[in-house]
Amino acid sequence: MKPKCILQDKVIRDAIQGCKNIETKAGDWDLVTEFDKKVEEILIHNLAKEFPTHKFIGEETVSSANHLPELTDNPTWIIDPIDGTTNFVHSFPFTCISIALAVEKELEIGIVYNPVLEQLFTARKGRGAYLNGKPIKSSSIEELEHSLLCCEASYATIENIRDITLGRVEAFVSVAHGIRTMGSAALTLCYVAMSAAEGYHTDNLMPWDVAAGVLIVREAGGVVVDTNGGEFNIMAPKVIAAGNHKLVNELVKLIKKADAKTLQKRLIHEATI
(Lines give C-alpha, C1' and ligand atoms only; values in the text may rest on other atoms or scores of the structure.)
Protein backbone atom coordinates (compact mmCIF):
# COMPACT_ATOMS: atom_id res chain seq x y z
CA MET A 1 0.00 0.00 0.00
CA LYS A 2 1.32 3.46 -0.87
CA PRO A 3 1.85 5.78 2.11
CA LYS A 4 -0.83 8.34 1.18
CA CYS A 5 0.59 11.04 3.42
CA ILE A 6 3.80 11.32 1.41
CA LEU A 7 3.56 9.88 -2.09
CA GLN A 8 2.13 12.63 -4.31
CA ASP A 9 2.28 10.48 -7.42
CA LYS A 10 -0.72 12.03 -9.18
CA VAL A 11 1.01 15.41 -9.51
CA ILE A 12 3.92 13.88 -11.43
CA ARG A 13 1.89 11.38 -13.43
CA ASP A 14 -0.58 14.02 -14.61
CA ALA A 15 2.14 16.58 -15.42
CA ILE A 16 4.79 14.51 -17.18
CA GLN A 17 3.19 14.82 -20.62
CA GLY A 18 2.13 18.45 -20.17
CA CYS A 19 3.76 21.86 -20.33
CA LYS A 20 6.21 22.84 -17.59
CA ASN A 21 7.67 26.13 -16.48
CA ILE A 22 11.40 25.39 -16.48
CA GLU A 23 14.09 27.23 -14.54
CA THR A 24 17.78 26.50 -13.95
CA LYS A 25 19.72 26.34 -10.69
CA ALA A 26 23.44 25.49 -10.66
CA GLY A 27 23.69 25.56 -14.45
CA ASP A 28 21.90 24.91 -17.73
CA TRP A 29 21.98 21.20 -16.91
CA ASP A 30 20.35 21.63 -13.47
CA LEU A 31 16.63 22.07 -14.12
CA VAL A 32 13.68 22.71 -11.83
CA THR A 33 9.97 23.03 -12.54
CA GLU A 34 6.97 24.32 -10.64
CA PHE A 35 6.07 20.68 -9.98
CA ASP A 36 9.32 20.04 -8.05
CA LYS A 37 8.34 22.88 -5.74
CA LYS A 38 4.68 21.84 -5.51
CA VAL A 39 5.45 18.21 -4.66
CA GLU A 40 8.00 19.18 -2.00
CA GLU A 41 5.55 21.58 -0.36
CA ILE A 42 2.90 18.85 -0.18
CA LEU A 43 5.36 16.28 1.18
CA ILE A 44 6.74 18.52 3.92
CA HIS A 45 3.27 19.79 4.88
CA ASN A 46 1.86 16.27 5.27
CA LEU A 47 4.90 14.85 7.03
CA ALA A 48 5.07 17.80 9.43
CA LYS A 49 1.46 17.17 10.43
CA GLU A 50 2.31 13.53 11.22
CA PHE A 51 5.70 14.24 12.81
CA PRO A 52 5.75 17.84 14.11
CA THR A 53 9.14 17.52 15.87
CA HIS A 54 11.01 16.13 12.85
CA LYS A 55 13.45 18.11 10.71
CA PHE A 56 13.56 18.35 6.91
CA ILE A 57 16.23 18.59 4.24
CA GLY A 58 14.45 19.11 0.92
CA GLU A 59 16.04 19.90 -2.42
CA GLU A 60 13.91 22.92 -3.28
CA THR A 61 13.90 24.28 0.27
CA VAL A 62 17.69 24.11 0.39
CA SER A 63 17.99 25.66 -3.09
CA SER A 64 15.84 28.60 -1.99
CA ALA A 65 17.95 29.14 1.14
CA ASN A 66 21.20 28.52 -0.77
CA HIS A 67 22.52 26.64 2.26
CA LEU A 68 22.83 22.93 3.00
CA PRO A 69 21.85 22.40 6.65
CA GLU A 70 23.78 20.12 8.97
CA LEU A 71 22.41 16.63 9.49
CA THR A 72 21.84 16.35 13.24
CA ASP A 73 20.81 13.47 15.50
CA ASN A 74 17.20 14.65 15.25
CA PRO A 75 14.86 12.57 13.06
CA THR A 76 15.26 14.17 9.62
CA TRP A 77 13.39 13.58 6.38
CA ILE A 78 15.62 13.93 3.30
CA ILE A 79 13.45 14.65 0.28
CA ASP A 80 13.87 14.88 -3.47
CA PRO A 81 10.41 15.73 -4.84
CA ILE A 82 11.33 14.85 -8.42
CA ASP A 83 14.60 13.01 -8.96
CA GLY A 84 15.34 13.01 -12.66
CA THR A 85 13.87 16.44 -13.38
CA THR A 86 15.48 16.58 -16.84
CA ASN A 87 13.82 13.25 -17.64
CA PHE A 88 10.54 14.67 -16.33
CA VAL A 89 10.88 17.79 -18.49
CA HIS A 90 11.37 15.60 -21.58
CA SER A 91 8.58 13.15 -20.61
CA PHE A 92 11.17 10.39 -20.25
CA PRO A 93 9.64 7.94 -17.75
CA PHE A 94 12.64 7.46 -15.43
CA THR A 95 11.67 9.96 -12.76
CA CYS A 96 10.68 9.48 -9.15
CA ILE A 97 9.93 10.78 -5.68
CA SER A 98 12.71 9.96 -3.19
CA ILE A 99 12.23 10.14 0.57
CA ALA A 100 14.50 8.97 3.38
CA LEU A 101 14.36 9.23 7.15
CA ALA A 102 17.60 9.54 9.12
CA VAL A 103 17.68 9.16 12.91
CA GLU A 104 20.90 9.92 14.79
CA LYS A 105 22.49 10.39 11.34
CA GLU A 106 21.69 6.80 10.35
CA LEU A 107 19.34 6.00 7.47
CA GLU A 108 16.27 4.18 8.82
CA ILE A 109 13.64 4.39 6.05
CA GLY A 110 13.94 4.69 2.28
CA ILE A 111 11.11 5.16 -0.22
CA VAL A 112 11.54 5.65 -3.97
CA TYR A 113 8.47 5.77 -6.20
CA ASN A 114 8.27 6.04 -9.97
CA PRO A 115 4.63 6.99 -10.55
CA VAL A 116 4.89 6.58 -14.33
CA LEU A 117 6.04 2.95 -14.22
CA GLU A 118 4.32 2.36 -10.86
CA GLN A 119 7.46 1.03 -9.18
CA LEU A 120 7.46 1.49 -5.40
CA PHE A 121 10.80 0.64 -3.75
CA THR A 122 10.87 0.56 0.05
CA ALA A 123 13.34 -0.34 2.77
CA ARG A 124 13.59 -0.15 6.52
CA LYS A 125 16.89 -0.66 8.30
CA GLY A 126 17.33 -4.30 9.22
CA ARG A 127 14.12 -5.40 7.48
CA GLY A 128 15.12 -5.85 3.83
CA ALA A 129 14.21 -4.09 0.60
CA TYR A 130 11.08 -4.45 -1.51
CA LEU A 131 9.64 -3.62 -4.92
CA ASN A 132 5.86 -3.29 -4.84
CA GLY A 133 5.83 -5.34 -1.65
CA LYS A 134 8.01 -8.21 -2.95
CA PRO A 135 11.57 -8.75 -1.60
CA ILE A 136 14.46 -7.78 -3.87
CA LYS A 137 18.09 -8.90 -3.81
CA SER A 138 21.20 -7.32 -5.32
CA SER A 139 23.35 -9.12 -7.89
CA SER A 140 25.92 -11.75 -6.94
CA ILE A 141 28.00 -11.18 -10.11
CA GLU A 142 31.56 -10.31 -9.08
CA GLU A 143 33.33 -9.73 -12.43
CA LEU A 144 33.29 -6.38 -14.22
CA GLU A 145 33.26 -8.06 -17.63
CA HIS A 146 29.97 -9.76 -16.76
CA SER A 147 28.39 -6.63 -15.30
CA LEU A 148 25.91 -4.06 -16.52
CA LEU A 149 27.19 -0.79 -15.07
CA CYS A 150 25.48 2.58 -14.70
CA CYS A 151 27.00 6.04 -14.56
CA GLU A 152 25.96 9.67 -15.06
CA ALA A 153 27.75 10.67 -18.25
CA SER A 154 25.77 13.90 -18.57
CA TYR A 155 27.98 15.55 -15.94
CA ALA A 156 30.57 15.85 -18.70
CA THR A 157 28.72 19.03 -19.64
CA ILE A 158 30.45 20.67 -16.63
CA GLU A 159 33.76 21.84 -18.06
CA ASN A 160 35.97 21.51 -14.97
CA ILE A 161 35.08 17.82 -14.47
CA ARG A 162 34.61 16.86 -18.12
CA ASP A 163 37.87 14.97 -18.56
CA ILE A 164 37.48 13.02 -15.31
CA THR A 165 33.88 12.10 -16.15
CA LEU A 166 34.65 11.00 -19.70
CA GLY A 167 37.74 9.11 -18.54
CA ARG A 168 35.61 7.07 -16.13
CA VAL A 169 32.96 6.45 -18.79
CA GLU A 170 35.68 5.21 -21.17
CA ALA A 171 36.96 2.86 -18.47
CA PHE A 172 33.46 1.47 -17.89
CA VAL A 173 32.83 0.99 -21.62
CA SER A 174 36.18 -0.77 -22.05
CA VAL A 175 35.51 -3.47 -19.48
CA ALA A 176 31.80 -3.88 -18.76
CA HIS A 177 29.15 -6.07 -20.37
CA GLY A 178 27.34 -2.80 -21.07
CA ILE A 179 26.74 0.65 -19.58
CA ARG A 180 23.60 2.69 -18.99
CA THR A 181 23.03 6.28 -17.92
CA MET A 182 19.52 6.86 -16.60
CA GLY A 183 19.44 10.41 -15.27
CA SER A 184 18.02 9.53 -11.85
CA ALA A 185 20.39 8.52 -9.08
CA ALA A 186 17.58 7.30 -6.83
CA LEU A 187 16.09 4.99 -9.45
CA THR A 188 19.48 3.72 -10.60
CA LEU A 189 20.38 2.75 -7.04
CA CYS A 190 17.08 0.88 -6.82
CA TYR A 191 17.90 -0.99 -10.03
CA VAL A 192 21.19 -2.06 -8.47
CA ALA A 193 19.17 -3.22 -5.46
CA MET A 194 16.91 -5.38 -7.66
CA SER A 195 19.81 -6.82 -9.74
CA ALA A 196 18.78 -5.01 -12.93
CA ALA A 197 22.31 -3.58 -12.89
CA GLU A 198 25.43 -4.77 -11.08
CA GLY A 199 26.99 -1.42 -10.25
CA TYR A 200 26.56 2.33 -10.29
CA HIS A 201 28.92 5.26 -9.96
CA THR A 202 28.42 8.99 -9.79
CA ASP A 203 29.86 12.02 -8.03
CA ASN A 204 28.49 15.60 -7.97
CA LEU A 205 25.31 14.72 -6.09
CA MET A 206 23.43 15.99 -3.05
CA PRO A 207 22.01 14.05 -0.06
CA TRP A 208 18.44 13.98 -1.38
CA ASP A 209 19.58 12.37 -4.65
CA VAL A 210 20.81 9.21 -2.97
CA ALA A 211 19.67 8.89 0.66
CA ALA A 212 16.68 6.60 0.07
CA GLY A 213 18.41 4.60 -2.66
CA VAL A 214 21.50 3.94 -0.56
CA LEU A 215 19.43 2.32 2.18
CA ILE A 216 17.48 0.28 -0.38
CA VAL A 217 20.73 -1.04 -1.90
CA ARG A 218 22.13 -1.97 1.50
CA GLU A 219 18.93 -3.66 2.61
CA ALA A 220 18.92 -5.66 -0.63
CA GLY A 221 22.36 -7.03 0.27
CA GLY A 222 24.40 -4.58 -1.78
CA VAL A 223 27.28 -2.31 -0.83
CA VAL A 224 27.72 1.48 -1.06
CA VAL A 225 31.07 3.21 -0.52
CA ASP A 226 32.70 6.53 -1.31
CA THR A 227 34.31 6.81 -4.75
CA ASN A 228 37.74 6.49 -3.09
CA GLY A 229 36.64 3.25 -1.43
CA GLY A 230 36.16 4.75 2.03
CA GLU A 231 33.06 5.17 4.17
CA PHE A 232 30.12 6.72 2.36
CA ASN A 233 29.15 10.21 3.55
CA ILE A 234 25.46 10.96 3.00
CA MET A 235 26.01 14.74 3.27
CA ALA A 236 28.80 14.78 0.65
CA PRO A 237 27.83 11.85 -1.52
CA LYS A 238 30.30 10.35 -3.97
CA VAL A 239 28.86 7.00 -4.86
CA ILE A 240 30.02 3.56 -5.83
CA ALA A 241 27.22 1.05 -5.34
CA ALA A 242 27.28 -2.61 -6.32
CA GLY A 243 25.65 -5.90 -5.53
CA ASN A 244 28.56 -7.21 -3.47
CA HIS A 245 31.89 -6.28 -1.85
CA LYS A 246 34.10 -7.82 -4.53
CA LEU A 247 32.52 -5.86 -7.35
CA VAL A 248 32.63 -2.63 -5.34
CA ASN A 249 36.37 -3.14 -4.82
CA GLU A 250 36.86 -3.78 -8.53
CA LEU A 251 35.00 -0.56 -9.37
CA VAL A 252 37.14 1.44 -6.92
CA LYS A 253 40.29 0.14 -8.61
CA LEU A 254 38.90 0.80 -12.09
CA ILE A 255 38.04 4.43 -11.26
CA LYS A 256 41.40 5.10 -9.62
CA LYS A 257 43.17 3.73 -12.69
CA ALA A 258 40.99 5.84 -14.99
CA ASP A 259 41.66 9.00 -12.95
CA ALA A 260 45.41 8.37 -13.02
CA LYS A 261 45.27 8.01 -16.80
CA THR A 262 43.28 11.25 -17.10
CA LEU A 263 45.76 13.10 -14.89
CA GLN A 264 48.67 11.86 -16.99
CA LYS A 265 46.97 13.09 -20.18
CA ARG A 266 46.31 16.45 -18.55
CA LEU A 267 49.94 16.86 -17.50
CA ILE A 268 51.20 15.96 -20.97
CA HIS A 269 48.78 18.45 -22.52
CA GLU A 270 49.86 21.22 -20.14
CA ALA A 271 53.52 20.49 -20.81
CA THR A 272 53.03 20.94 -24.56
CA ILE A 273 51.18 24.27 -24.32
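Reader: How do you know that the structure holds zero disulfides?

Author: In this predicted model, a search of the whole structure finds zero disulfides. A disulfide requires two cysteine sulfur atoms within 2.5 Å.

Reader: Why are Cys 96 and Cys 190 called buried?

Author: The term applies under 20% relative accessible area. Cys 96 has a value of 0%, and Cys 190 also has 0%, so Cys 96 is buried and Cys 190 is buried.

Reader: Which residues touch the most other members of the largest nonpolar core?

Author: They are Val 112, Phe 121, Val 210, Ile 216 and Val 239, in a core of 45 residues. Among the elements that each supply at least two residues are β6 (106-114), β7 (119-124), α7 (207-219) and β14 (239-242).

Reader: Why is this core said to lie between domain 1 and domain 2?

Author: Domain 1 (5-135) and domain 2 (144-271) both contribute residues to this core, so it lies between them.

Reader: Which residues does Phe 121 touch?

Author: Leaving aside residues up to four places away in sequence, Phe 121 touches residues including Val 112, Tyr 130, Leu 187, Cys 190 and Ile 216. A second, separate core has 18 residues, among them Ala 171, Val 223, Val 248 and Leu 251.

Notes. Residues numbered from 1 in each chain as written. Predicted model: local features only at pLDDT ≥ 70, side-chain atom pairs only at ≥ 80, totals over all residues. Heavy atoms only, no water. Core = buried A, V, L, I, M, F, W, Y, C linked by side-chain atoms within 4.5 Å. Buried < 20%, exposed > 50% of the residue type's maximum accessible area, 1.4 Å probe, protein only. Helix = DSSP H or I, 4+ residues; strand = E, 2+ residues; numbered from the N terminus. Domains from an automatic or database assignment. Contact = heavy atoms within 4.5 Å.
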